[in-house]
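Thanks for coming, everyone. I have one structure to walk through today. Please look at the sequence and the model on the screen.

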Amino acid sequence: MCELEPEEVIGKKYYDLFFQCGKLCEECPIKETFKTQKPAFLEKTHYDEVYETRAYPILSVDGKLESVAVFSSNITDKKKLEKSLIQSEKLATIGLLASGIAHELRNPLNVIE
């Protein structure tokens, strides 16, 4: 999704801007925030993109829920990088394990020579 100007976002529903679905999903953090009056978080995959959505309550002076502020961002690249890093760590661990096994096998064989 491209960067939007404030005029393009103000008054719009986040689920229309990001997901073009026309309604809140069942696990929506906005619903959770309205119910509990506490911040809520959701990570959702939409097609091939991953979005992180955080909802924060905005309370009036007397402590009543006035509205909810929603921050949503595309974290697809971050997730791909995390996955790549995990894969690299797995490969490094396998290499270390193979090195240790080769060392342990070689030690007793050195005595035989």
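Where is Cys25 found? Cys25 sits in the loop between α2 (14–18) and α3. Before I go on, some ground rules. This is a predicted model, where local features need pLDDT of at least 70 and side-chain atom pairs count only at pLDDT 80 or more, while totals for chains, interfaces and linings use all residues. Residues are numbered from 1 along each chain as its sequence is written, and side-chain values use heavy atoms, with hydrogens and water left out.

Helices and strands here are DSSP runs, numbered from the N terminus: H or I of at least four residues for helices, E of at least two for strands. The protein chain has four helices and three strands. Their order from the N terminus is α-α-α-β-β-β-α.

Back to Cys25. Is Cys25 buried or exposed? Cys25 counts as buried, because its relative accessibility is 16%. The cut-offs: buried is under 20% relative accessible area, exposed is over 50%, and partly exposed is in between, with a 1.4 Å probe and protein chains only. Across the protein chain, buried residues make up 22% of the 113 residues.

What does Cys25 touch? Leaving aside neighbours within four places in sequence, Cys25 is in contact with Lys31, Leu42 and Lys44. Contact means heavy atoms within 4.5 Å. Tyr15 is 10 residues from Cys25 in sequence, and their C-alpha atoms are 8.4 Å apart.

Cys25 also belongs to the largest nonpolar core. A nonpolar core is a set of buried Ala, Val, Leu, Ile, Met, Phe, Trp, Tyr and Cys residues joined through side-chain atoms within 4.5 Å. Take Leu42. Not counting residues up to four places away in sequence, Leu42 touches Cys25, Glu27, Cys28, Pro29, Tyr51, Glu52 and Thr53.

Next, helix α3, residues 29–36. Its buried residues are Pro29, Ile30 and Thr33. They lie on the same side of α3, because they cover an arc of only 105 degrees around the axis. That arc is taken from the directions from the helix axis to the C-beta atoms. Just after α3 comes Gln37, with a positive phi of about 60 degrees. Gln37 is not a glycine. This residue lies in the loop between α3 and β1 (40–46). Gln37 counts as partly exposed, because its relative accessibility is 36%.

Now the hairpin. Strand β2 (residues 49–59) and strand β3 (residues 65–74) pair in the antiparallel sense over nine bridges. For strands to pair, DSSP must find at least two bridges between them. Pro57 has Val68 in β3 as its bridge partner. Five residues lie between the strands of this hairpin, and Gly63 takes a positive phi near 90 degrees.

Last item: aromatics. How many aromatic pairs does the structure hold? One. The pair is edge-to-face, because the rings of Tyr56 and Phe71 have centres 5.8 Å apart and planes at 65 degrees. Tyr56 is in strand β2 and Phe71 in strand β3, 15 residues apart. For the cut-offs, rings of Phe, Tyr and Trp (its six-membered ring) pair if their centres lie within 6.5 Å; planes under 30 degrees apart are stacked, over 60 edge-to-face, and the rest tilted. Tyr56 counts as partly exposed, at 33% relative accessibility. Phe71 counts as exposed, at 53%.
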